[in-house]
Amino acid sequence: MDRFFCKYILLLLALYACDSSPRLVEQGEAVIVYSNILTSSDQHLFTAYEKSSGVKVNIVHENGARIISRLSQADSMPADLLILNGLQYLQEAKQAGLLDTLSASSLFSAIPAHLKDNSRQWLGLAYSAHAIAYLKDSVDTLQIQQYEALTDIKWQSKLSLGLKREKLHTHLATMIAIQNTQNAEDWLVSLKQNLADSSRQGLPKFTALNDSSAWLALVNTAEYAASSSRKTALLFPSGGAYLHLSAAGITEGAPHASRARTLLSYLFSRDVMRNFAEAHYLYPARTDVPSPQSLNRLGILKADSSAQSRIATYLTEAERLLELNGW
């Protein structure tokens with residue numbers, strides 16, 4: 001009896017182990033997302049995915065430079081998906097060999113050609129735009145129809161810089177791609193001379209229009225929409241507003257590649273892209289997804305359609321001009 005009882009207990013334990021192991025595996029399943037735009041407050045975007053798949057989405061938030069540095073190390077923590085805000089970081093991730101090649105699927109064809117990498121390593125998710133903010137009662141908008149108008153001597157000491165350096169970096173690269181290096185440098189020098197604050201004598205700093213004595217500011221729509229003043233309005237350049245892109249890609253050698261592909265498809269679905277865009281004051285990359293009302297109130301955007309992958313090739317030259325001119 002004792003021998004029989006022991007065998008019975010061992011059999012039950014074996015059956016329990018076989019039954020419980022898959023559950024333990026399921027509970028431990030996860031897909032790891034590194035991002036400089038998504039934070040823990042964005043976890044709600046993935047609730048439906050987690051419930052339907054049983055896979056947990058782990059968001060690792062760091063600044064863009066830190067992400068590239070961290071994942072470039074041989075003993076780096078694993079990552080499945082990169083969601084990066086800024087063409088600079090997308091280009092660095094590509095050059096560092098951190099991104100896998102995406103399959104040419106219906107998902108890929110849903111995004112306009114100028115918002116995706118020409119070698120299919122990243123896919124544009126959403127973007128902000130660079131515009132001109134102005135004091136409603138002080139500026140004739142007919143005089144500021146282009147970015148070049150900001151360098152006119154009439155705006156000396158009346159201009160504020162509302163673009164942080166990484167956005168100015170992309171702006172300058174776009175200008176080089178559309179025009180040429182000399183025009184871009186001339187614009188940068190004159191822009192600096194027109195700044196209203198003391199940063200003209202040192203490194204220009206990020207300033208909001210309502211925090212300075214300026215009448216005009218070069219701004220980013222995401223930051224402007226989040227903190228705009230009733231005294232100001234926004235104007236989009238008639239030639240097409242330059243863009244600041246957020247995009248996603250699957251990492252090279254992703255430990256959970258199949259999960260990463262599934263999550264990428266989920267992220268680019270219309271509902272999720274709309275929610276992502278609304279949460280971050282961005283324009284969705286898909287043309288069949290409506291823009292957030294917070295951005296529609298700013299005016300009708302005419303966006304520049306230059307290929308972001310081509311603009312990325314001018315980032316090094318743009319960085320050289322920024323450093324050369326003390327930015």
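User: Contact here means heavy atoms within 4.5 Å. With that in mind, which residues is Phe46 in contact with, leaving aside its neighbours within four places in sequence?

Analyst: A quick caveat is that this is a predicted model. Phe46 is one of the residues with the most contacts inside the largest nonpolar core, and two others named in that group, Leu38 and Leu263, turn up among its partners. Leaving aside neighbours within four places, the partners of Phe46 are Leu38, Val57, Ile59, Leu263, Tyr266 and Leu267.

User: Which strand gives the largest share of that core?

Analyst: The core in question is the largest nonpolar one, with 102 residues. Nonpolar side chains tend to be buried together in soluble globular proteins. Nine residues of this core, its largest share, come from strand β4.

User: Zooming out, what percentage of the protein's residues count as buried?

Analyst: The fold has 13 helices and nine strands. Among contacts with a separation of 6 or more, 76% link residues 24 or more positions apart. Across the 327 residues, the buried share is 49%.

User: At what angle do α6 and α13 pack?

Analyst: Two packed helices are described by the angle between their axes and the distance between the axes. For α6 and α13 the axes are 8 Å apart, and the crossing is right-handed. The angle is about 115 degrees.

User: How many residues of the contact of α6 with α13 are charged?

Analyst: On the α6 side sit Arg165, Leu168, His169, Thr170, Leu172, Ala173 and Ile176, while α13 brings Leu315, Glu317, Ala318, Glu319, Leu321, Leu322 and Glu323. Eight of these are nonpolar and two polar. The charged ones number four.

User: And α7 with α13: is the crossing left-handed or right-handed?

Analyst: The axes of α7 (residues 181-193) and α13 come within 11 Å and cross at roughly 35 degrees. Thr181, Ala184, Glu185 and Leu188 of α7 meet Glu317, Arg320, Leu321, Leu322 and Leu324 of α13, which by class gives five nonpolar, one polar and three charged residues. As for handedness, α7 passes α13 in a crossing that is right-handed.

Technical notes
Residues are numbered from 1 along each chain as its sequence is written. This is a predicted model: local features need pLDDT of at least 70, side-chain atom pairs count only at pLDDT 80 or more; totals for chains, interfaces and linings use all residues. Side-chain values use heavy atoms; hydrogens and water are left out. Axes are lines fitted to C-alpha atoms, for helices over the stretch in contact, and angles run from 0 to 180 degrees between N-to-C directions. Helices (H or I, at least four residues) and strands (E, at least two) are DSSP runs, numbered from the N terminus. A crossing is left-handed if the near helix is turned anticlockwise from the far one by less than a right angle, and right-handed if clockwise. Ala, Val, Leu, Ile, Met, Phe, Trp, Tyr, Cys and Pro count as nonpolar, Asp, Glu, Lys and Arg as charged, and the others, Gly among them, as polar. A nonpolar core is a set of buried Ala, Val, Leu, Ile, Met, Phe, Trp, Tyr and Cys residues joined through side-chain atoms within 4.5 Å. Buried means under 20% relative accessible area, exposed over 50%, partly exposed in between (1.4 Å probe, protein chains only).
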